[in-house]
Amino acid sequence: MILKFLFDRIASLIGLLILWPVLLVVALLIAIKEPGGSVFFKQRRVGKDGKLFTMVKFRTMRNNHSGSTVSVAGESRITPLGATLRRWKLDELPELWNVLIGDMSFVGPRPDVPGYADKLQGDSRRILQLRPGITGPASMKYRDEEELLATVENPQEYNDTVIYPDKTRINLYYLDHYSFAKDIQMIVCTVLGKRMKYGEEII
C-alpha cells in the first residue's frame, strides 16, 4: 500500500492548501454562532494497530452536552449549524490534518471510540491493520446512518447488533480486496454524493 501512503500525504497537503479559506469560514461561523466553546472537536479514537490518536473535527454539538456515542439525526445536542455541516460532511475537513500526519487515510474504516474496534476478536481484529479513513466502503453504505438510527426504538442497540457487525464485514472485505483504483472511486463518489458498486452490493 505504498501508493496509498504517498497519495494520502500529497493529497492531504494539497487539500489543506486549497481548502484553507473554507476551513477558516467554517471556523468563524462556529465561533460566532456557538460562542463559549472550542471551534474544534477533539476525541481519542482507535487507530492503526489499536493505537489511540486524537481525531480533529469541527464542533457540531452544543457545549457541555452529554449522551451516547451514537449520533441520531434531529437530536437536540446537535446545533443547527452543526446539522448543516454534517449534511455536507464539512465537519470532517480538519481530518485532512490527521491524514497528513499519518494517523488516518483518505479511505478506510471510520475511526472508532475505544470500546469498539479495540474490542474486536478473532479474524475481525485484522481490521486494525488498516489506518482509519475519512471515507470508506462501510461509511459510504451507511452515509445516512443518523437518519436510519432516528427511525429505530433503541439506536445504541441497533448500532451494536446490526450496523456495527455489517461495517466489520465490509471493512474486512476492503482489507482482503484492496484496490487503489477503488480508493479513488470511493473518494470521488463521496465528494459527489454518489453510490457505487462494491463487491456484490451497492454502497
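**View A. Leu 52 in strand β2 of the predicted model.** Leu 52 belongs to strand β2. Its relative accessible area is 43%, so Leu 52 counts as partly exposed; the cut-offs are under 20% for buried and over 50% for exposed. Apart from neighbours within four places in sequence, the contacts of Leu 52 are Arg 44, Arg 45, Val 46 and Pro 114. Pro 114 lies 62 residues away from Leu 52 along the chain, yet the C-alpha atoms of the two are 8.3 Å apart.

**View B. Strand β2 within the structure.** Strand β2 covers residues 52-58. Of its 7 residues, 5 are buried, and β2 is therefore largely enclosed by the rest of the structure.

**View C. The hairpin of β1 and β2.** Strand β1, residues 40-46, runs antiparallel to β2 and is joined to β2 by 7 bridges. In this pairing, Phe 41 stands opposite Lys 57 of β2. Between the two strands of the hairpin are 5 residues. Asp 49, in the turn, has a positive phi of about 60°.

**View D. A nonpolar surface patch that includes Ile 10.** The patch has an area of about 820 Å². Its members are Ile 2, Phe 5, Leu 6, Ile 10, Leu 13, Ile 14, Leu 17 and Ile 18. One of them, Ile 10, sits in helix α1, which spans residues 2-33. Ile 10 has a relative accessibility of 52% and so counts as exposed, the cut-off being over 50%.

Key
Residues numbered from 1 in each chain as written. Predicted model: local features only at pLDDT ≥ 70, side-chain atom pairs only at ≥ 80, totals over all residues. Heavy atoms only, no water. Patch = residues over 30% accessible without salt bridge, like charges linked within 9 Å, V, L, I, M, F, W, Y side chains within 5 Å. Areas by Shrake-Rupley, 256 points an atom, 1.4 Å probe, with all protein chains shown as cover. Salt bridge = Lys/Arg side-chain N within 4 Å of Asp/Glu carboxyl O. Helix = DSSP H or I, 4+ residues; strand = E, 2+ residues; numbered from the N terminus. Buried < 20%, exposed > 50% of the residue type's maximum accessible area, 1.4 Å probe, protein only. Pairing = 2+ DSSP bridges. Contact = heavy atoms within 4.5 Å.
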